[in-house]
Amino acid sequence: MRPRLGAVLWIAAVAAAPAQAAEEGGLLFPWINFGLLLAVLFYFTRKPIQAFFGDRRAAIRKELDEAAGLERRAHQRYAQWQRRLVDLERELAEIRAGAQQRAEAERASLLADARAAAERIRADAANAVEHELRRARAHLREEASQLAIELASGILRERVTDQDRDRLIDEFIERIARAPEARK
């Protein structure tokens, strides 16, 4: 490293001498001075500049590779989400179809239950009507028999005399007396 430092100092001293001559009016020395400055800069900065740009190129390449990897993963995830979306749409269609079937089955079940309930109500109503008819008929029979008894009683009161009553009582007693004999 020391030889290079010495070379730099020697070149700087050589470059300073023409700068003094340039003040006296010569144009050749400033150009030589400038050329030497460029040569020294090129000689000493070439490797660091090449290393910088090489490192920069490698960093850019690495970032491009990473970006390509990210893009590839993004495409894979996009495809995965597309598949999930298609699966989700299919699953939604299945759910809708299942819900439709369950709704139809529930509707049919409700209609069957309603029909059965209506039939039970009709049967109960028919039984209630039949019961009420029997009760009304029984009531009418009872009322008719009461009226017949009253009517017969009224007729008997008017037409039966004391002699008829005595005769009926005698016949009744005779019948009662014969009854134990007939049983033996």
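Tyr-43 is partly exposed, because its relative accessibility is 47%. This value, like the others here, comes from a predicted model.

**Aromatic pairs**

Searching the whole structure turns up three aromatic pairs. One of them joins Tyr-43 and Phe-44: the ring planes meet at 85°, so the pair is edge-to-face. The cut-off for that label is an angle over 60 degrees. Phe-44 has 27% relative accessibility, so Phe-44 too counts as partly exposed.

Phe-52 and Phe-53 also make an edge-to-face pair. Both of these residues are exposed. The table sets out the geometry of these pairs.

| Pair | Centre to centre | Angle between planes |
|---|---|---|
| Tyr-43 and Phe-44 | 5.0 Å | 85° |
| Phe-52 and Phe-53 | 5.2 Å | 70° |

**A charge over a ring**

Arg-84 lies over the face of the Trp-81 ring. The distance to the ring centre is 4.7 Å.

Leu-38 sits in helix α2, which covers residues 28-159. Is Leu-38 buried, partly exposed or exposed? Its relative accessibility is 42%, so Leu-38 counts as partly exposed. That label applies between the limits of 20% and 50%.

Conventions: Residues numbered from 1 in each chain as written. Predicted model: local features only at pLDDT ≥ 70, side-chain atom pairs only at ≥ 80, totals over all residues. Heavy atoms only, no water. Phe/Tyr/Trp six-rings, centres within 6.5 Å; stacked < 30°, edge-to-face > 60°. Buried < 20%, exposed > 50% of the residue type's maximum accessible area, 1.4 Å probe, protein only. Lys NZ or Arg CZ within 6 Å of the ring centre and 35° of its normal. Helix = DSSP H or I, 4+ residues; strand = E, 2+ residues; numbered from the N terminus.
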